[in-house]
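Work through the exercises below with the sequence and coordinates at hand. Each task is followed by a solution in steps.

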Amino acid sequence: MNYHNQYYAAFGDTQLLNQTKKLWFESLKRFTPQQILQGAKLAIEQSEYLPTLHKMIVFCQGDPSSYGLPNPHQAYVEACNAPNPKTLQRWSHAAVYHAGRACGWYFIASNPEHIAFPVFKQHYQEWTDRVLNGEVLPDIEVPKLPSDTATPLSKDENRSRMKAMRESLKI
């Protein structure tokens, strides 16, 4: 009812209306009825015009901050300032770690912000979209020490290997 005239102007044809309903159904079926209702309320409150399907999906997903996701620049700064080892840091959200890892820690550290931030932002958006679509992100895997450790070589064995290496390098 909120978009009465716009609705009839856009979907006056029954065939077009049926195709649009199928498209919207396929695109919105991943959301619960409560999420769709909340999205519709947000659309009515925030949109002067009939929302597009993309805008409706954004309304249904909700605000990224409600998932604990920082904005892209805050996430970038967090990734830049995180000391090594990265896997042992307390991240505001796992998406920040995964975006930094996908971007490359060396790339972030060795390039100025005007180069590194757009690349980081793209990766972060992909991880954010996964979170907003209900995906549970993989845990941050802390590398483990090997369970079996090799026995150290004896002094004689070390000397013989060192001699062989020197001979191979002609030193």
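The radius of gyration is taken over C-alpha atoms, and the globule rule is 2.2 Å times the number of residues to the power 0.38. This is a predicted model, in which local features need pLDDT of at least 70 and side-chain atom pairs count only at pLDDT 80 or more, while totals for chains, interfaces and linings use all residues. Residues are numbered from 1 along each chain as its sequence is written, and side-chain values use heavy atoms, with hydrogens and water left out.

**Exercise 1.** Compare the radius of gyration of the protein chain with that of a compact globule of 171 residues.

Step 1. For a compact globule of 171 residues, the radius would be near 16 Å.
Step 2. The protein chain has 27 Å instead.
Step 3. Along the principal axes, its C-alpha atoms fill a box of roughly 90 × 35 × 30 Å.

**Exercise 2.** State how many helices and strands the protein chain has, then check the span of α9.

Step 1. Helices (H or I, at least four residues) and strands (E, at least two) are DSSP runs, numbered from the N terminus.
Step 2. The count is 9 helices and 0 strands, in the order α-α-α-α-α-α-α-α-α.
Step 3. The expected span of a helix is 1.5 Å times one less than its number of residues.
Step 4. Helix α9 (residues 155–169) has 15 residues and reaches 21 Å from first to last C-alpha, close to the expected 21 Å.
Step 5. After α9 comes Lys170, with a positive phi near 60 degrees.

**Exercise 3.** Are His98 and Thr87 buried or exposed, and which residues do they contact?

Step 1. Buried means under 20% relative accessible area, exposed over 50%, and partly exposed in between (1.4 Å probe, protein chains only); contact means heavy atoms within 4.5 Å.
Step 2. His98 belongs to helix α6 (residues 94–103) and is buried because its relative accessible area is 4%.
Step 3. Neighbours within four places in sequence aside, His98 contacts Trp127, Leu137, Pro138, Asp139 and Ile140.
Step 4. Thr87 sits in the loop between α5 (72–81) and α6; its relative accessible area is 17%, so Thr87 is buried.
Step 5. With the neighbours within four places again left out, Thr87 contacts Tyr97, Ile140, Glu141, Val142 and Pro143.
Step 6. Ile140 is among the contacts of His98 and of Thr87.

**Exercise 4.** Find the share of buried residues in the protein chain and the share of contacts joining residues at least 24 apart.

Step 1. Of the 171 residues, 27% are buried.
Step 2. Among contacts between residues at least 6 apart in sequence, 63% join residues at least 24 apart.
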